[in-house]
Amino acid sequence: MIEKALKGSPRYFGALLAFLALMGIGGGFYLIQLNNGLMITGLSRDVSWGFYIAQFTYMVGVAASAVMLVLPYYFHHYKAYSKMIIMGEFLAIAAVIMCLGFIVIDIGQPQRMLNVLINSTPRSVLFWDMVVLNGYLVLNVVIGWTSLMAYWKRVTPPAWVKPLVYLSIIWAFSIHTVTAFLYAGLPGRHFWLTAILAARFLSSAFCSGPSILLLMTLLVGKLTKFDPGKEAVKTLSTTITYAMCVNVFFFFLELFTAFYSNMPGHMAPIEFLFNGFQGSTYMTPFMWTASFLAIGSLILLIPPRWRENRDMLVPALIMLVIGTWLDKGMGLIAAGFTPNPFERVTEYLPTGPEMMIALMIYATGGFVLTVLWKIALEVRAEVEGSV
Amino acid sequence: MKSSRRDFLKIAGVSALGLSAGTLGFLGEGAQAADALPTAQDFAKPSNAKQWGMVIDTAKLDDATMKKCIDACHATHNVPKIEGKQEIKWLWTDDFHATFPTEFPTYLSDDLHHRKFLLLCNHCANPACVRVCPTKATFKNNEGLVIMDYHRCIGCRYCMAGCPYGARSFNFRDPEKFIANMNPLYPHRTRGVVEKCTFCVEKLAQGKLPLCVEASGGAMVFGDLEDPKSPVRQILKDKYAVRRNPAAGTEPSVFYIL
């Protein structure tokens, strides 16, 4: 099956080359980071995690969101997703690979990363995050590849895949829950110290991940003969709408708890995000943009007639993706560290090299995804063509 | 693992005894350092405790004394002097608001408003940094010290997110160039690892007090918090002392008399 990735149009190889080029450029910056240390980032003593960890968190959500297809398809036998399901599983693979990449570029001594295995420490959530992410990667590779292989050979998938699929459903929830626990268990970080953080992570994942999948599927539909099916698009956009409503609702729950209780520690990071704290307002433009995009996307998504119109759906999904990305990819980490334990603000914005290194990981994900989707699409075309 | 540090220091001391007879070229400035190298005898009477702790009588500390404490600590431990937000510090000063932000001092006395406070790792009895470390590079030894194995640290900085006191620094760059006078008796760190105050574990192993305590002219008192007869417990029996952000549940071992 892998040979399907080795033959293709100039456009396919052009895309791969473009991803390789971006990986190369980003890789150059990563070499600079390896030689000089994380000094080339905007990180500081006070804001010690930043863009890399934020992208990691966002991508865990994208990976977990495959369950929004897997669950209806395998558990409720919802056949409309039969064409999309493999795309979702392969997107999850690419997303987990990006997650692992973002962790590797973030750590100060990457050559020692196996210490997490050698000196396994079950009391550390980071240990469990490593376990669940790698487990999820293996699950999706095995399930995705085996199902596609069976489909290609026109046989039913082996029986042992079923229990793995059910396991992967629970596992998908676990990866984002454990990732939320990385943050939610820290005594001094009020913005993260909330029981609803895992629920917020999951709701934001279940709208943003399927939106990315749907947008890319529609793009692939334009470029190739692939058609996910009207029914699939309709159902998935409904799922996205519900998840986004829940996501926004959960955020309002945070606002209520912080501001009705009037507890300074809980209010300060939210004030910092939306109004500035001690005169530092650098994060407010991002957060207000995120808010308007979130509300705007809901206005376009909630009425069924607008949602079912592709010309409305596509901009709504793009707004949703950017909005949730700003929320999780910019605001979440900065607000956890601001104000710092001394009740002060140290500003953090990613530097150019930092963003280029992150781009290297995104390009890696793009490369993996292009190859995997190419295989899936070729197999589908071949099987359908032979009928 | 817990007692290996002292065993190691003992062995190191014995080896140093043998080596000090010869030249110590590998240490660079070995000729001067040879005299100062601790010997096995130095480790014969270590100080012991169940939970080391510190009481700082903040009114007794003036700027000059605090600077002396900081300089003694930073010079001995090869703490690099880096300006800006990627700085590294083990012991430093700040005002009341930064030291005790959870007190929300609205009407603070002028005296406290202008007073500076020494800040350092609290060597918590229930440290969040130890809980989150994925490699046990940060660990609590059997004397209650929160210390680090710099060779095991992967630089994930989870401990920095976990510490509610901002006690930890990360080596964003190679620190070597930022150490004015390298002390060959204490290892300097590499880039990509976290570091912080150790309550001078290497001094305690020799039965000595932490450097800052020695430099403080009596304003800082050190001892075993679990021993009612220890100097720290004697002071705490007489005077009311506060800890930084006790609501974080980490049980800090550094007490401040205001």
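**Cores and the interface of chains A and B**

In this predicted model, the largest nonpolar core has 201 residues, and A:Tyr183, A:Trp192 and B:Met54 have the most contacts inside it. A nonpolar core is a set of buried Ala, Val, Leu, Ile, Met, Phe, Trp, Tyr and Cys residues joined through side-chain atoms within 4.5 Å, buried being under 20% relative accessible area with a 1.4 Å probe and protein chains only. Another core, of seven residues, lies apart from the largest one and includes B:Leu225 and B:Ile257.

Turning to the interface, 50 residues of chain B are in contact (heavy atoms within 4.5 Å) with 46 residues of chain A. The buried area, that is, the accessible area (1.4 Å probe) that two parts lose on being put together, summed over both, is about 3,700 Å², and carbon and sulfur atoms give 52% of it. Three salt bridges are found across this interface, each defined as a side-chain nitrogen of Lys or Arg within 4 Å of a carboxyl oxygen of Asp or Glu. A salt bridge joins A:Arg344 to B:Asp95, with the closest N and O atoms 3.7 Å apart.

On the side of chain B that touches chain A, the residues divide into 25 nonpolar, 12 polar and 13 charged. Here Ala, Val, Leu, Ile, Met, Phe, Trp, Tyr, Cys and Pro count as nonpolar, Asp, Glu, Lys and Arg as charged, and the others, Gly among them, as polar.

Local features need pLDDT of at least 70 and side-chain atom pairs count only at pLDDT 80 or more, whereas totals for chains, interfaces and linings use all residues. Residues are numbered from 1 along each chain as its sequence is written, chains are lettered from A in the order in which they are written, and side-chain values use heavy atoms, with hydrogens and water left out.

Key: Buried means under 20% relative accessible area, exposed over 50%, partly exposed in between (1.4 Å probe, protein chains only).
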